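Here's a quick briefing to read with the model open beside you. Have a look at the fold first, then work through the points below.

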Amino acid sequence: MTDTPGTTDAPSSATHRVQIEYCTQCRWLPRAAWLAQELLTTFETELTELALKPGTGGVFVVRVNDEVVWDRREQGFPEPTAVKRLVRDRVAPGKPLGHSEKPAP
């Protein structure tokens, strides 16, 4: 956190936790770790924790503060941009996502 006047990217006092639960039987750890890296890079000042949770039975679920935002069983495998938008809407509304998101006309 910086004390530079005019900056608004100081983290809030809220804690934001993301959990990615993945199936160990399906060997989805690399996919979960890649998505975790994408989220940590994009939200490095907004997230207070990102956890990878081993599971079984074909699970691949992304939670933000215990709220399911993506479930593979209902929505298929996510594109990183889709998950970034969902996470952004909960932890940093209005934050631009850079090149992965087209600006509004």
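What follows covers the overall fold, the core, the aromatic cluster, a hairpin and the cysteines.

This is a predicted model, where local features need pLDDT of at least 70 and side-chain atom pairs count only at pLDDT 80 or more, while totals for chains, interfaces and linings use all residues. Residues are numbered from 1 along each chain as its sequence is written, and side-chain values use heavy atoms, with hydrogens and water left out.

**Overall fold**

- The protein has 3 helices and 4 strands; these are DSSP runs numbered from the N terminus, with helices being H or I of at least four residues and strands being E of at least two.
- Starting at the N terminus, the order of elements is β-α-β-β-β-α-α.
- Of the 105 residues, 37% are buried, where buried means under 20% relative accessible area, exposed means over 50% and partly exposed is in between (1.4 Å probe, protein chains only).
- Take the contacts (heavy atoms within 4.5 Å) between residues at least 6 apart in sequence: 63% of them join residues at least 24 apart.

**The core**

- In soluble globular proteins, nonpolar side chains tend to be buried together.
- Here the largest nonpolar core has 24 residues, and the members touching the most others are Val18, Ile20, Leu39, Phe60, Val62 and Val87. Such a core is a set of buried Ala, Val, Leu, Ile, Met, Phe, Trp, Tyr and Cys residues joined through side-chain atoms within 4.5 Å.
- Two or more residues each come from strand E1 (17-23), helix H1 (29-42), strand E3 (60-64), strand E4 (67-71) and helix H3 (80-91).
- Beyond its neighbours within four places in sequence, Phe60 has contacts that include Ile20, Tyr22, Trp28, Leu35, Trp70 and Phe77.

**The aromatic cluster**

- There are 3 aromatic pairs in the whole structure. Rings of Phe, Tyr and Trp (its six-membered ring) pair if their centres lie within 6.5 Å; planes under 30 degrees apart are stacked, over 60 edge-to-face, and the rest tilted.
- Trp28 and Phe60 make an edge-to-face pair, at 6.4 Å centre to centre with 80° between the planes.
- Trp28 sits in the loop between E1 and H1 and Phe60 in strand E3, so this pair ties together parts 32 residues apart in sequence.
- Trp28 is buried at 15% relative accessible area, and Phe60 is buried too, at 1%.
- Trp28 also pairs with Phe77: the ring centres are 4.7 Å apart and the planes are at 90°, so this one is edge-to-face.
- Phe77 lies in the loop between helix H2 (72-75) and H3, 49 residues from Trp28, and is partly exposed at 29%.
- Through these ring pairs, Trp28, Phe60 and Phe77 are linked into a cluster.
- Arg31 has its charged end over the Phe77 ring, 3.7 Å from the centre, and the charged end of Arg72 is also over that ring, at 5.9 Å. A charge counts as over a ring if NZ of Lys or CZ of Arg is within 6 Å of the ring centre and within 35 degrees of the ring normal.

- E3 and E4 run antiparallel, joined by 4 bridges; strands pair if DSSP finds at least two bridges between them.
- The hairpin has 2 residues between its strands, and Asn65 in the turn has a positive phi of about 50°.

**The cysteines**

- The disulfide count is 0, with a disulfide being a pair of cysteine sulfur atoms within 2.5 Å.
- The nearest cysteine sulfur to that of Cys23 belongs to Cys26, 3.1 Å away, which is too far for a bond.
- Cys23 is buried at 0% relative accessibility, whereas Cys26 is partly exposed at 34%.
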